[in-house]
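Visitor: Could you take me through the sheet in this model, strand by strand, and then show me what lies around it? I would like the cut-offs along the way.

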Amino acid sequence: MLNLRVATPEKLADLRHLPGYAGVTRRGGAIRIGAGTTHAAIEDGAVPGRLGAILAGVAWRIAYRPVRNRGTIGGSLAHADPAADWVAVLPCFHGEAAVLGPAGERRVALDRFVTGMLATALAPEELLLAVELPVLPEATR
Ligand SMILES: Cc1cc2nc3c(=O)[nH]c(=O)nc-3n(C[C@H](O)[C@H](O)[C@H](O)COP(=O)(O)OP(=O)(O)OC[C@H]3O[C@@H](n4cnc5c(N)ncnc54)[C@H](O)[C@@H]3O)c2cc1C
């Protein structure tokens with residue numbers, strides 16, 4: 001929206017330097033992808049295994065490399081543009097979004113996270129921390 005000169009916010013918060021905001025970790029049968037993880041990092045193999053291969057196949061089709069170097073999986077999902085690739089793909093995995101608000105962390109099923117065009121289950125004071133997706137068997141297509 002900034003790129004198209006549609007949004008002219010009075011204040012901008014740069015989230016990139018929040019500890020743990022970007023990056024991929026495995027917890028048991030789930031892979032946690034920090035909201036600040038860029039499309040380019042996913043394209044380059046940041047997510048392991050079959051899940052990572054599928055996500056990399058989505059990521060490289062997003063726009064062009066300079067956009068992928070800056071754009072993040074969390075920013076894309078929170079923005080909820082119906083044309084966005086992650087908005088279409090992430091609900092397929094039966095994963096969850098980790099959301100942080102004043103009362104602490106809560107989870108939202110990814111197939112319920114986007115509630116409409118440019119609308120999500122996030123309250124105004126909440127931050128999307130990460131998406132958590134299941135580790136997939138190698139035969140998954
Ligand atoms: C020229 C161009 C071409 C593009 N082409 C494609 C394409 O082909 N496919 C595609 O899927 N996308 C495309 N995009 C979108 C792009 O990939 C980014 O996902 C998008 O610009 C969001 O960028 P960002 O991650 O920096 O989020 P931001 O711009 O920082 O944020 C987007 C919105 O989400 C909110 N937000 C961000 N992070 C959080 C958070 N953690 N918690 C709560 N709210 C948050 C922000 O307040 C803002 O309202 C394109 C973008 C551009 C500029």
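Guide: Five strands make up an open sheet, in the order β1-β2-β7-β3-β4, with antiparallel pairing. Strands here are DSSP runs of E with at least two residues, helices are runs of H or I with at least four residues, and both are numbered from the N terminus. Two strands count as paired if DSSP finds at least two bridges between them. The edges belong to β1 and β4 (104-109), each with a single partner strand, so one side of each has no neighbour in the sheet. From one strand to the next the twist averages 25°, taken between N-to-C directions of axes that are lines fitted to C-alpha atoms, on a scale from 0 to 180 degrees.

Before we go further, a word on the source: this is a predicted model, in which local features need pLDDT of at least 70 and side-chain atom pairs count only at pLDDT 80 or more, while totals for chains, interfaces and linings use all residues. Residues are numbered from 1 along each chain as its sequence is written, and side-chain values use heavy atoms, with hydrogens and water left out.

Now to the pairs. β2 and β7 are antiparallel and share five bridges; here Ile 31 has Leu 133 of β7 as its bridge partner. On to β3 and β7, also joined in the antiparallel sense over five bridges, where Leu 100 is partnered by Leu 127 in β7. β3 and β4 run antiparallel with six bridges between them, and Ala 97 stands opposite Val 108 in β4. A hairpin of two residues connects β3 to β4.

Next comes the packing. The largest nonpolar core holds 28 residues, and Ile 33, Leu 55 and Trp 86 have the most contacts inside it. Such a core is a set of buried Ala, Val, Leu, Ile, Met, Phe, Trp, Tyr and Cys residues joined through side-chain atoms within 4.5 Å; buried means under 20% relative accessible area, exposed over 50%, and partly exposed in between, with a 1.4 Å probe and protein chains only. Two or more residues of this core come from each of β2, α2 (49-59), α4, α5, β3 (96-101) and β7. The largest share, four residues, is from α2.

The strand β7 (127-134) also takes part in the largest pocket, where it supplies at least two lining residues, as do α3 (65-70), α4 (73-79) and α5 (85-89). A pocket is an open set of points on a 1 Å grid over the protein atoms alone, where a 1.4 Å probe fits, with protein on both sides within 12 Å along at least five of seven lines; lining residues have an atom within 4 Å of a point. This pocket has about 1,700 Å³ of space, the volume being that filled by probe spheres set on the points. Of its 36 lining residues, Met 1, Gly 71, Gly 75, Ser 76 and His 79 lie nearest the centre. α4 gives the most to this lining, five residues.

At the second largest pocket, with about 180 Å³ of space, β1 (24-27), β2 (30-34) and β7 each give at least two residues to the lining. Among the residues there are Tyr 21, Arg 32, Leu 129 and Ala 130.
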